[in-house]
Amino acid sequence: MKQTKPVVGITMGDAAGVGPEIILKTLGNEEIYNISNPFVIGDSKILERAKSFVGSELEIQSVTAEGLEDIEYKLGTVHCLDLNLLPADLSVGEVSPDAGHAAFEYLRTAIELANEQKIDAICTAPLNKEALQKGGHKYPGHTEILADLTGTQDYSMMLSAPNLRVIHVTTHVGIIDAVKMINPERVYHVIKLAHDTLRKAGIEAPKIAVCGINPHAGENGLFGYGEEDEKVVPGVEKAQGEGIDAVGPLPADTLFFRAVRGDFDIVVAMYHDQGHGPVKVLGLDAGVNITVGLPIIRTSVDHGTAFDIAGKGIADEKSLIEAMRQAVELAPKR
């Protein structure tokens with residue numbers, strides 16, 4: 001059957017968390033089938049169990065990789081590429097090496113399908129970093145797995161929330177290491193990634209603001225040891241020399257307010273919490289994580305596995321729904 005809507009593979013993430021629940025809630029939403037052809041990469045038995053958590057009457061139908069082209073996508077039936085990696089009685093809300101390994105395998109399979117152009121985008125439910133490592137996969141998270149398995153060197157994490165987009169120079173490293181890792185070339189590359197990504201999304205001349213590292217962006221050497229002049233300014237100037245509308249380094253404490261107000265299309269954050277904090281203040285249920293620079297499209301929820309509420313059926317699916325919308329927007333048009 002010839003597909004005209006983007007085919008989106010949804011990876012189940014850590015099955016001990018809320019991933020299976022928010023997936024079922026999302027795939028019970030008619031809008032998702034109006035805009036995409038979605039299926040799950042995970043374990044069918046885990047989805048079956050999650051139906052009782054959320055009170056779902058959706059039919060779970062297992063499929064094989066060879067049978068993906070024959071799926072008849074319709075509201076009411078959830079198709080699952082069943083990797084059959086986990087026991088039906090997997091403990092909910094606990095760190096499990098088996099669940100961590102399975103989450104890696106779901107993502108690895110999705111990447112293979114995307115590379116083979118069998119799917120147009122990947123949308124990921126959350127994984128647990130501790131479980132991932134205990135399962136034998138020494139990665140900080142989804143982003144680094146995607147970069148490694150696609151051979152991508154130049155990539156970054158972009159967060160999207162209502163009225164705010166943030167892209168990161170560094171992410172899952174300690175603050176001392178983050179400062180060491182920031183350099184002009186990396187700053188330039190992230191500005192360029194932001195510019196190119198927003199151009200592809202239809203913003204003709206993106207306005208890009210770049211955070212400083214120190215309080216008040218160093219305030220002319222008053223704070224720090226000249227990190228802004230050494231590590232940030234040359235990268236901004238290189239981007240400006242190519243005609244990119246980038247400004248900075250600017251004080252982060254006021255910059256995010258200005259961005260939400262509409263002064264800028266995206267903010268370049270220097271480290272994890274500098275960028276994540278403002279986005280999450282706007283609402284955990286509305287943020288979307290997008291990995292830019294990859295040869296494939298990947299979006300994700302911007303929250304964790306929420307072990308404390310897993311199995312209770314109360315996890316909010318809004319972030320996953322928004323991640324699906326973003327995947328469709330970014331996916332190659334058929």
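I looked up Tyr 155 and found that, leaving aside neighbours within four places in sequence, it is in contact (heavy atoms within 4.5 Å) with Thr 143, Glu 144, Ala 147, Arg 186, Leu 193, Val 292 and Gly 293. I note that this is a predicted model, in which local features need pLDDT of at least 70 and side-chain atom pairs count only at pLDDT 80 or more, while totals for chains, interfaces and linings use all residues. Residues are numbered from 1 along each chain as its sequence is written, and side-chain values use heavy atoms, with hydrogens and water left out.

I placed Tyr 155 in the loop between α6 (142-150) and β6 (156-161), where helices (H or I, at least four residues) and strands (E, at least two) are DSSP runs numbered from the N terminus.

Next I turned to the strands. Gly 293, one of the contacts of Tyr 155, lies in the turn of the hairpin formed by β11 and β12, which has five residues between the strands, and Gly 293 has a positive phi of about 100 degrees. I found β11 (residues 288-292) running antiparallel to β12 and joined to it by three bridges (strands pair if DSSP finds at least two bridges between them), with Val 288 having Val 301 as its bridge partner in β12. Strand β12 (residues 298-301) also pairs with β5 (residues 121-124), in the parallel sense and over three bridges, and here Ile 122 stands opposite Arg 298.

I then checked Asn 214, in the loop between β8 (208-211) and α9 (227-241), and recorded it as buried because its relative accessibility is 17%. Not counting residues up to four places away in sequence, Asn 214 touches Phe 223, Gly 224, Glu 227 and Glu 228. The side chains of Asn 214 and Glu 227 are joined by a polar contact of 2.9 Å (a pair of N or O atoms within 3.5 Å; within protein, one must be able to donate a hydrogen and the other to accept it, and residues adjacent in sequence count only if both atoms are side-chain atoms).

Conventions. Buried means under 20% relative accessible area, exposed over 50%, partly exposed in between (1.4 Å probe, protein chains only).
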